[in-house]
Amino acid sequence: MKQFKRSAVAVLSAALLGAAGLAATATPANAAQDTAGSASTAQDVTWLNFSSSSWSHWSRDSKDSTHAGTLNAGRNYVYCWAEGEVYSDNGHTSGNWLLTDDDSGNTNVWVSGVYLAPDSYGAPLRHC
């Protein structure tokens with residue numbers, strides 16, 4: 001069973017939202033065009049490294065019912081971050097969720113901050 005650790009949430013939140021970071025911003029060539037003006041419209045993104053593959057979700061929680069697809073480990077872009085369910089996995093706990101497009105073809109889906117690689121902690125991200 002997953003454990004929720006509030007102190008780890010504070011540490012990861014501070015690291016995620018810190019001013020230091022090596023991530024570059026760019027507009028992805030494959031960003032979906034959305035006439036409704038949602039986050040998938042071509043815009044500035046932040047490229048982050050993810051330490052492992054993870055499920056993506058339609059909302060900021062880990063429920064099976066909100067599972068959308070998969071975001072593969074490696075370098076991926078995110079649009080912004082927002083608070084959501086506090087979630088634990090991979091030895092990390094976070095209440096931060098990152099809005100992205102996953103590798104299953106879904107746009108505007110959420111991935112938990114627990115899957116960020118340490119070299120992406122502190123990347124400058126805008127709040128959704």
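The side chain of Asp101 makes a polar contact with the side chain of Tyr79, at 2.6 Å. Keep in mind that this is a predicted model.

Let me stay with Asp101. Where is Asp101? In the loop between β7, residues 92-100, and β8, residues 109-112. Asp101 is buried, yet has no salt bridge. The nearest side chain of opposite charge is Arg126, and that is 11 Å away. A salt bridge would need a side-chain nitrogen within 4 Å of a carboxyl oxygen. What does Asp101 have besides Tyr79? A backbone partner. The backbone nitrogen of Asn108 lies 3.1 Å from a polar atom of the Asp101 side chain.

Tyr79 takes us to the core. The largest nonpolar core has 21 residues. Tyr79 is one of those that touch the most other members, along with Leu48, Phe50, Val78, Leu98, Tyr115 and Leu125. Which elements give two or more residues to this core? They are β2 (45-50), β5 (74-78), β6, β7 and β8. The largest share comes from β6, with 4 residues.

Take Val78 from that list. Which residues does Val78 touch, leaving out those up to four places away in sequence? Val45, Thr46, Leu48 and Phe50 are among them.

Next, the disulfide. The count is 1. Cys80 and Cys128 form it, with their sulfur atoms 1.8 Å apart. The link of Cys80 and Cys128 is right-handed, with 95° about the S-S bond. What does the pair tie together? Cys80 lies in strand β6, residues 80-89, and Cys128 in the segment after β8, so the pair joins parts 48 residues apart in sequence.

The two ends of that link, one at a time. Cys80 has 2% relative accessibility, so Cys80 counts as buried. The cut-off for buried is under 20%. Cys128 is at 40%, so Cys128 counts as partly exposed.

Last stop, Ser112. Ser112 lies in strand β8. Is Ser112 buried or exposed? Buried, because its relative accessible area is 1%, and buried means under 20%. Ser112 and Asn96 are 16 residues apart in sequence, but 6.2 Å apart in space, C-alpha to C-alpha. Asn96 is also a contact of Ser112, as are Tyr87 and Trp97, leaving aside neighbours within four places in sequence.

To recap. Asp101 is buried without a salt bridge, and its side chain has a polar contact with Tyr79. Cys80 and Cys128 form a disulfide.

How values were computed:
Residues numbered from 1 in each chain as written. Predicted model: local features only at pLDDT ≥ 70, side-chain atom pairs only at ≥ 80, totals over all residues. Heavy atoms only, no water. Buried < 20%, exposed > 50% of the residue type's maximum accessible area, 1.4 Å probe, protein only. Lys, Arg positive; Asp, Glu negative; His and termini not counted. Polar contact = N/O pair within 3.5 Å; in protein donor to acceptor, adjacent residues only side chain to side chain. Disulfide = S-S within 2.5 Å. Core = buried A, V, L, I, M, F, W, Y, C linked by side-chain atoms within 4.5 Å. Contact = heavy atoms within 4.5 Å.
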